[in-house]
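Here is a short report on one protein chain. The sequence and the structure come first, and the notes follow.

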Amino acid sequence: MNKIKNIFFLLLLGVVVMYSCDDDNNGFFNPFADINYEELAIKDNDSIVKFLKNNYYDTDLDSVKTLVSGKTSLFEDTDKLKSYKVTENDIEHTLYVYTIEQGQPSPVKGNPTVMDSIYVKYSVKLLQIQSC
C-alpha cells in the first residue's frame, strides 16, 4: 500500500511541476529581450566620443586626465587616435584605437620570414567611462 501511495505522490508532483511551468519561456526570463542594440550602439558611441573630447593623455604620468587648457584632447589627437568601422550582427560600430608608442623594425635584421619567430608586446588599458 505504501508503494502505491509513493508512486501516486510522485506522479502528482510531476504533473504539478509540469503544469506550473510557463509554456513560453519555461520559467526563464531574458533580461536582454527588449534591448534595441542599434540605439544602444549609438548611445555607447556618443559616450565614448564625449569621453575622448573631455580627456587627454598625460605622457609624464602615463595616464588619462581631464582636459585642461593648453592640452590636446584624445579625440583631436589624430596622429595617435585611429577609428575603424566594424560591423557585427548587422550593426555598425566604431572602434577607437589610441596608440601611445609604436616600435620600429630594425633595418639590420630585415623582415621576419616563415621560419622566424617574432615577439610582440601589447599593453592595453581599460578606460572607465562614467555616464552623467
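## The nonpolar core

The largest nonpolar core has five residues: Phe-51, Leu-52, Tyr-57, Leu-74 and Leu-81. The model is predicted. In soluble globular proteins, nonpolar side chains tend to be buried together.

Leu-81 reaches several parts of the chain. Leaving aside residues up to four places away in sequence, Leu-81 touches Leu-52, Leu-74, Phe-75, Tyr-96, Val-97 and Tyr-98. Phe-75 has a charged neighbour as well: Lys-53 lies over its face, at 5.0 Å from the ring centre.

## Confidence

The protein chain has a mean pLDDT of 80. A value of 70 or more is reached by 83% of its residues. Among the elements, helix α2 (residues 37-53) has the highest mean pLDDT, 92. Helix α1 (residues 2-20) has the lowest, 75. Where pLDDT is low, the predicted coordinates should not be read in detail.

## Overall layout

Two helices and four strands make up the elements of the protein chain. From the N terminus on, their order is α-α-β-β-β-β. Of the 132 residues, 11% are buried. Among contacts with a separation of 6 or more, 28% are between residues 24 or more positions apart.

## The hairpin of β1 and β2

Strands β1 and β2 run antiparallel and are joined by four bridges. Asp-58 stands opposite Ser-63 in β2. Four residues lie between the two strands of this hairpin. There, Asp-62 takes a positive phi near 55°.

Strand β3 (residues 81-88) pairs with strand β4 (residues 91-98) in the antiparallel sense. The pairing has eight bridges. Val-86 has His-93 in β4 as its bridge partner.

Two residues lie between these strands. Most residues other than glycine have a negative phi, and most peptide bonds are trans. What is the phi of Asn-89, which is not a glycine? Asn-89 has a positive phi of about 55°. Asp-90, also in the loop between β3 and β4, has a positive phi of about 65° although it is not a glycine. Asn-89 is exposed, with a relative accessible area of 67%. Asp-90 is exposed too, at 74%.

## The aromatic pair

How many aromatic pairs does the count give? The count comes to one aromatic pair. Tyr-57 and Tyr-98 form this pair, with 6.1 Å from centre to centre and 50° between the planes. Tyr-57 belongs to strand β1 (residues 55-58) and Tyr-98 to strand β4. The pair links distant parts of the chain, 41 residues apart.

Are the two tyrosines buried or partly exposed? Tyr-57 has a relative accessible area of 13%, so it is buried. Tyr-98 has 24%, so it is partly exposed. The cut-off for buried is under 20%. Tyr-57 belongs to the largest nonpolar core, and Tyr-98 is among the residues that Leu-81 touches.

## A buried serine

Ser-73 sits in the loop between β2 (63-66) and β3. Is this serine buried or exposed? Ser-73 is buried, because its relative accessible area is 2%. Which residues does Ser-73 touch, not counting residues up to four places away in sequence? Ser-73 touches Leu-52, Lys-53, Asn-55, Tyr-56 and Leu-67. Of these, Leu-52 is part of the largest nonpolar core, and Lys-53 is the residue over the face of Phe-75.

Conventions. Residues are numbered from 1 along each chain as its sequence is written. Side-chain values use heavy atoms; hydrogens and water are left out. pLDDT is the predictor's confidence in each residue, from 0 to 100. Two strands pair if DSSP finds at least two bridges between them. Rings of Phe, Tyr and Trp (its six-membered ring) pair if their centres lie within 6.5 Å; planes under 30 degrees apart count as stacked, over 60 as edge-to-face and the rest as tilted. Buried means under 20% relative accessible area, exposed over 50%, partly exposed in between (1.4 Å probe, protein chains only). A charge sits over a ring if NZ of Lys or CZ of Arg is within 6 Å of the ring centre and within 35 degrees of the ring normal. A nonpolar core is a set of buried Ala, Val, Leu, Ile, Met, Phe, Trp, Tyr and Cys residues joined through side-chain atoms within 4.5 Å. Contact means heavy atoms within 4.5 Å.
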